[in-house]
Amino acid sequence: MEGLTNNINKVLIEKGIRQTWLAEKLSKRFTIVNSYVRNRRQPTLELLFYIAQSLQLNSKDLMNSPNE
């Protein structure tokens, strides 16, 4: 997934969902989820699918292409 970034922050803002909610849903520490949201770190594909499911989205909606 190198070169890819995610739209998790954008989706959370659009849906009015807090990072703390997502952290609880994923059973992850807030700092880990925050690193995904800020694109400092990318979730595994499996986790990305679970995040998309939790947010009622297609996993493709969470990713940007390298050129974006």
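Here is a short tour, from the whole chain to its core and then to some of its helices.

This is a predicted model, and its protein chain has four helices and two strands.

**The chain as a whole**
- Of the 68 residues in the protein chain, 38% are buried.
- The protein chain exposes about 4,700 Å², and carbon and sulfur atoms supply 46% of that area.
- Take the contacts between residues at least 6 apart in sequence: 60% of them join residues at least 24 apart.

**The nonpolar core**
- Which residues have the most contacts inside the largest nonpolar core? They are I8, L22, I51 and L62, in a core of 17 residues.
- Four helices each supply at least two residues of this core: α1 (8-15), α2 (19-26), α3 (30-37) and α4 (45-54).

**Where α2 meets α4**
- The axes of α2 and α4 are 11 Å apart, and the two helices pack at an angle of about 120 degrees.
- Because of that angle, α2 counts as oblique to α4.
- The crossing of α2 past α4 is right-handed.
- On the α2 side, the contact is made by W21, L22, K25 and L26; on the α4 side, by L47, Y50, I51 and S54.

**A closer look at S54**
- S54 lies in helix α4.
- Is S54 buried or exposed? S54 is buried, because its relative accessible area is 15% and the cut-off for buried is under 20%.
- Not counting residues up to four places away in sequence, S54 touches W21 and K25, and both of these belong to the α2 side of the contact described above.

**The covered helix α3**
- How many of the eight residues of α3 are buried? Six are, and α3 is mostly covered.
- The buried residues are I32, V33, N34, S35, Y36 and V37.
- What covers these buried residues of α3? The cover includes β1 (5-6), α1, α2 and α4.
- After α3 comes N39, whose phi is positive, near 60 degrees.

Definitions and conventions: Residues numbered from 1 in each chain as written. Predicted model: local features only at pLDDT ≥ 70, side-chain atom pairs only at ≥ 80, totals over all residues. Heavy atoms only, no water. Buried < 20%, exposed > 50% of the residue type's maximum accessible area, 1.4 Å probe, protein only. Contact = heavy atoms within 4.5 Å. Areas by Shrake-Rupley, 256 points an atom, 1.4 Å probe, with all protein chains shown as cover. Core = buried A, V, L, I, M, F, W, Y, C linked by side-chain atoms within 4.5 Å. Axes fitted to C-alpha atoms, helices over the stretch in contact; angles between N-to-C directions. Parallel < 35°, antiparallel > 145°, perpendicular 65-115°, else oblique. Left-handed = near helix turned anticlockwise from the far one by under 90°.
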